[in-house]
Amino acid sequence: MKGLKTAQSPIILLFLPNFLHLPLTCILNWPLFPEFSDLSTLERSDLLASLKAFKTETAECAKQHSHSVESGRLLVNKITASTDFIIQTVYAWSSAQFPSTAAKIVLFAQGGYGRAELNPKSDIDLIFLHAPIKDKLEEELNAFIELNLYLLWDLKYDLGQAIRT
């Protein structure tokens with residue numbers, strides 16, 4: 001999965017494996033995907049509820065399958081891939097709420113997450129990179145970043161974040 005994309009936003013540049021590392025039953029049977037065909041119509045509460053359920057279910061699925069994997073690396077890939085999907089979905093939903101701002105900002109992963117080595121209980125380090133902006137756009141940019149961060153905090157992620165030009 002290279003990144004979710006809305007009509008107005010750039011592809012998120014996260015360096016992670018795709019969902020083939022998760023058992024197919026953890027992904028393909030999840031009823032979340034049809035709901036996200038048009039992110040702009042999805043309410044925040046519905047998005048949050050779906051992502052909380054997805055996070056819980058994929059964590060449980062990864063935990064159940066952790067006893068059958070040959071190495072810890074596969075478990076790390078499962079955790080990273082499901083986290084990647086959640087972060088990309090949050091970013092895409094936020095982009096639908098702020099289409100003009102989303103076109104001016106890119107999200108990068110760093111640290112263990114950026115290396116696709118997200119271990120259980122790891123923090124997630126993100127960088128929001130944007131071009132220099134005028135005063136009027138600064139409020140909208142801050143609102144866009146806050147929307148992303150608050151959703152991820154509501155999902156109980158431990159975040160490290162930076163905003164750079």
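The largest pocket holds about 460 Å³ of space. This is a predicted model. In total, 19 residues line the largest pocket. Closest to its centre are Lys55, Ala59, Ile79, Pro120 and Lys121. Two elements each give two or more residues to this lining: helix α3, residues 44-65, and helix α4, residues 72-97. What classes of residue make up the lining of the largest pocket? Nine are nonpolar, five are polar and five are charged.

Now turn to the strands. Strand β2 covers residues 124-130, and strand β3 covers residues 159-164. β2 and β3 pair in the parallel sense, over six bridges. How does the chain get from β2 to β3, and what is the hand of the crossover? The chain passes through helix α7, residues 135-154. This β-α-β crossover is right-handed.

Last comes confidence in the model. The mean pLDDT of the protein is 76. A value of 70 or more is reached by 73% of the residues. Where does the pLDDT lie below 50? Look at residues 1-35, where it is below 50. In the model, this stretch has 91 contacts beyond near neighbours in sequence.

Definitions and conventions
Residues numbered from 1 in each chain as written. Predicted model: local features only at pLDDT ≥ 70, side-chain atom pairs only at ≥ 80, totals over all residues. Heavy atoms only, no water. Pairing = 2+ DSSP bridges. Helix = DSSP H or I, 4+ residues; strand = E, 2+ residues; numbered from the N terminus. Right-handed = clockwise from strand over helix to strand, strands pointing away. 1 Å grid on protein atoms, 1.4 Å probe; cavity = no way out; pocket = protein on both sides within 12 Å on 5 of 7 lines; lining within 4 Å. Points joined across faces, edges and corners; volume = space filled by probe spheres on them. Nonpolar A, V, L, I, M, F, W, Y, C, P; charged D, E, K, R; others polar. pLDDT = per-residue confidence, 0-100. Contact = heavy atoms within 4.5 Å.
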